[in-house]
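Keep the sequence and the 3D view side by side.

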Amino acid sequence: MAAAQLVDISLPTLPQGWAGEKDFKIVGALSGATKRNVEPVGPHFLAHARRSRHNRTFSEDERLQAQSNVKKTETEEDDDISEDEDPMMLAREAKDWKGQDHYAVLGLKKYRWRATPEQIKRAHRKKVLRHHPDKKAAQGNTDENDSFFKCIQKATDLLLDPARRRQFDSVDENADFYKAWGPVFVAEGRFSNKQPVPTLGDENSTQEHVETFYNFWYNVDSWRTFEYLDEDVPDDGESRDQKRHVEKKNANARRKRKTEDTIRLRELVDECLASDERIKKFRQQARAGKDAKRLAKEEEIRRLKEEKENAKAAEEQRKKDAEEAAKADREKNKKAKEAAKNASKKNKRILKSSVKDVNYFAAGDPTAADIDGVLTDVDLIMGKIDVDELAVLAEKLTIAGTDGAAVKTAWSGEAKRLVDAGKLKAGEAKVFV
C-alpha cells in the first residue's frame, strides 16, 4: 500500500467587508481539523494510473480504451449471433425495409420468432459496431452509402416492439418454409413415373438446383389414374348399351379427376414458387447482372466517345501546332530574307563606297568620265555575283580600306574570277582588267 501523505489545505479567507453586510448573522462554527488517511481508489484513479504508466494523453487513452471495448464486445459470448451477410441484403435500399427479412438483417435467422429481446439487442449492437457510418469512416471506408445501417435500425425497432413483431411473425413465411413445403413434395413425388424426384433443397441451394426442382414439378409425369373410384360396370351381359354407358361415364370421371389433380398440383407449385425467397434472390442477382452489363455497355460507349473526342482534339491540336510552326517558319524566313536583303544593301553600299573612298582611282580630281567608267564596272560586277559572293567581296574591300591599289586589286580579282567562271566576258569590264 502507498505511504500516507500529509496534505496541508487552508481555507480561503472571506472577502473584506463581507461579514459586515446588512442582516448577516452567524449561525454556526467550523469544526476542528481532523487527521484522516486518504487512499487513492476508484475508476478515475485507475485511469490516471494507466495514463501515467503508459505516458498517454487523455485523448490517446480514451481512443485505445474505446478500441478495446469494441473488440471485447465483438468477441463476447453468443458468437452464434453473427451469421454471414448476403451481399444482396447489404445492397438493399432503406426505402424497401418492409420487404426485408428483419431476422436475417440482424443475423438471427436460426432463432427467428424464438429470439429473445436480449439477443435482439446484442445482435443490434454487433451490427451497429460493424456497419455504423462513423465506424466505416474510421476504418478508411469512403463509401457514404448507409442504407444497410438504416435497415438495421428498422429491423431492431420492429422486433423490439412486441405488437409490431407479432404482426411480422404472423406473415413470416421464411420461418418454416422448407420444413412446411419439403414433406409436401416428398409425398407428391411417390406418384411420379420418373425417379428419383428432386428435393426442395434449402436456402443455400444453387440456382440450377432450384430451377431443376420447379421445372420437374411443372412437367411432372404422374401415374395416378383414379380407376379405383370407377363405378362398377354391369357384368351380367344383359345390356351392352348400359355397359358402354358406364364405361364412358367412368372414363370421363377419370379424366376430370386427373385434370383436377393436375390443376391442384400446379397451384401447389405456384404457391410454393411465390413464397420461395430464393427465386427473389436469383431475380435480384439477374437484375444486378443486367444492370452491370448495361453499365459496362454504357461505360464502353462513353469510353469510345471520349477516345473519339480525344482523337479529334489531338488532330485539331496537331493542325494548330502545324499552322503555328508554319507561321513561325514563314516569320523566320521573312526575317532571314529581310536580314539578307539588308545585308545585301549594306554590302552594295560598301562596294560603291570603296571606289568613292579611293577617289575613283584618279590621281587628282576625277572627271565625270572616270567616275562613270568605274561605277559602270562596279554595277556590272555586282549584277553578276550572288549575295554570298557579294559579302565576300565586301569583306575584302573593307579590309583594303582606303588603299587604292588594294581596292583595285580586289575588284580586278573579282572580275577575273567572273571571267574564268564564264559569267563575264573578257574585256567587258573596262577599268578592272
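A crossing of two helices is right-handed if the near helix is turned clockwise from the far one by less than a right angle. The model here is predicted.

Q: Which hand does the crossing of α12 and α13 have?
A: α12 covers residues 277-357 and α13 covers residues 368-384. α12 passes α13 in a crossing that is right-handed.

Q: Are α12 and α13 roughly parallel or antiparallel to each other?
A: Their axes lie 10 Å apart, and the packing angle is about 155 degrees. Angles over 145 degrees count as roughly antiparallel. The two helices, α12 and α13, are therefore roughly antiparallel.

Q: How many residues in the contact of α12 with α13 are nonpolar?
A: α12 brings Lys348, Leu351, Lys352 and Val355. α13 brings Val374, Leu375, Val378, Asp379 and Met382. Of these residues, 3 are charged, none is polar, and the nonpolar ones number 6.

Q: What span should the 12 residues of helix α1 have?
A: Helix α1 runs over residues 43-54. Its end C-alpha atoms are 16 Å apart.

Q: Glu188 forms a salt bridge with which residue?
A: Glu188 sits in helix α9, and its partner sits in helix α11, 76 residues apart. The closest N and O atoms of the pair are 2.9 Å apart. A salt bridge needs such atoms within 4 Å. The partner of Glu188 is Arg264.

Terms used. Residues are numbered from 1 along each chain as its sequence is written. This is a predicted model: local features need pLDDT of at least 70, side-chain atom pairs count only at pLDDT 80 or more; totals for chains, interfaces and linings use all residues. Side-chain values use heavy atoms; hydrogens and water are left out. Axes are lines fitted to C-alpha atoms, for helices over the stretch in contact, and angles run from 0 to 180 degrees between N-to-C directions. Helices (H or I, at least four residues) and strands (E, at least two) are DSSP runs, numbered from the N terminus. Angles under 35 degrees count as roughly parallel, over 145 as roughly antiparallel, 65 to 115 as roughly perpendicular and the rest as oblique. Contact means heavy atoms within 4.5 Å. Ala, Val, Leu, Ile, Met, Phe, Trp, Tyr, Cys and Pro count as nonpolar, Asp, Glu, Lys and Arg as charged, and the others, Gly among them, as polar. The expected span of a helix is 1.5 Å times one less than its number of residues. A salt bridge is a side-chain nitrogen of Lys or Arg within 4 Å of a carboxyl oxygen of Asp or Glu.
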